[in-house]
Amino acid sequence: MSDNPAGLVEDSSVYRTLLESTKAIPWKINWRTMRFEYIGPQIEALLGWPQDSWLTVDDWATRMHPEDRERVVNFCVSQSEAGVDHEADYRALTERGEYVWLRDVVHVLRDDNGDVEALIGFMFDISERKKTEDELVALQKKLEEYSYKDGLTGVANRRMFDTVMNENWNDAIRHQSSLSVILLDIDNFKAYNDLNGHLQGDECLKRIATLLENGAQRPRDFVARFGGEEFVIILPETDTPAAISVAERCRQLLLEEQLPQGDSPHSKQVTMSMGIGTVIPSRHDRIADFLDLVDQRLYKAKRDGRNRIVFD
Ligand SMILES: Nc1nc2c(ncn2[C@@H]2O[C@H](COP(=O)(O)OP(=O)(O)OP(=O)(O)O)[C@@H](O)[C@H]2O)c(=O)[nH]1
């Protein structure tokens with residue numbers, strides 16, 4: 001029987017062939033001299049730098065993205081000093097000036113005294129994986145956005161309105177400040193859709209959403225789509241006269257847009273009706289009651305002939 005029971009090949013050329021035919025790039029660094037003792041020839045195909053240009057750890061560190069360098073070098077040095085195997089992801093500079101995402105998997109070798117002697121490892125090209133990760137992060141962000149944005153108009157949706165309204169309500173209780181809300185409904189929008197088509201109706205909703213965002217100018221003012229052809233504006237720290245002037249500004253902006261109503265018997269131009277409410281809420285008041293009151297005013301504006309603002 002052989003004295004090599006594991007069947008390990010003793011001819012080092014076999015190992016070399018194996019190492020140099022993998023996609024991962026093998027390397028070895030002498031920890032005392034901080035010089036490369038070996039790096040696989042595959043490095044040239046991946047990064048463009050010739051195999052014999054990798055002399056010291058400085059060649060490794062300087063060919064790293066400046067944003068990754070300090071973090072990765074500090075991490076690898078501290079792990080190596082502690083004798084801990086580790087991995088690090090970073091962007092490596094190519095000879096053409098581009099960057100490739102690498103994962104370095106590092107194994108720490110110790111001598112008989114237990115002192116760190118060398119580092120050996122493999123570099124893996126993880127660009128594809130990173131790309132997928134980045135795409136997933138972007139997708140996740142989009143999904144989060146969709147969960148609080150109205151898909152058609154891009155302003156906040158009803159769910160977001162509920163959250164923001166709650167925050168402002170509590171804030172107004174705490175500071176005993178005036179909180180105003182404007183509820184707006186496009187007039188005769190059914191007729192608009194019937195006359196101009198649903199797509200044109202969608203366009204009209206988008207333009208009105210943009211215009212409302214321009215009309216409510218303070219940083220904490222907040223516009224949301226309340227549902228269908230109804231929008232809502234929250235105006236924190238705003239009394240009734242100030243809320244009326246925001247509503248008037250929005251109405252004015254809509255008139256300036258001159259959106260034709262189509263061949264409608266109602267009016268030549270798209271208009272909207274608005275209800276305004278202002279409250280300095282106490283702990284006993286309920287948001288739903290306040291919104292009901294504003295809604296009643298909006299419907300009073302409709303009943304009184306539309307294209308108007310009702311605030312009491
Ligand atoms: N194009 C489009 N239309 C919508 C959307 N959401 C709601 N609508 C339409 O808005 C119209 C609302 O009609 P009604 O509730 O009868 O009110 P109105 O015709 O505006 O009449 P008043 O509010 O009384 O002035 C309906 O025809 C809905 O189909 C949307 O996302 N896109």
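1. Let's start at the ligand: 17 residues surround it, and the closest are D187, F189, K190, G201 and G228 (a residue is near a molecule if its C-beta atom, placed from the backbone, lies within 6 Å of it). Two or more residues of this shell come from each of β6, α7 (189-196) and α8 (198-215); helices (H or I, at least four residues) and strands (E, at least two) are DSSP runs, numbered from the N terminus.

2. A word on the model: it is predicted, so local features need pLDDT of at least 70 and side-chain atom pairs count only at pLDDT 80 or more, while totals for chains, interfaces and linings use all residues. Residues are numbered from 1 along each chain as its sequence is written.

3. Five strands form an open sheet with mixed pairing, in the order β7-β8-β6-β9-β10 (two strands pair if DSSP finds at least two bridges between them). β7 (222-227) and β10 (309-310) are at the edges with a single partner strand each, so one side of each has no neighbour in the sheet.

4. β9 (residues 272-279) and β10 run parallel, joined by two bridges. Here G275 stands opposite V310 in β10.

5. Elsewhere, β3 (residues 86-93) pairs with β4 (residues 99-110) in the antiparallel sense over eight bridges, and R91 stands opposite W101 in β4. Their hairpin has five residues between the strands, and G97 takes a positive phi near 90° there.

6. β4 also pairs with β5 (residues 116-125), antiparallel over nine bridges, with D104 opposite M123 in β5. In this hairpin, G114 takes a positive phi near 85°.
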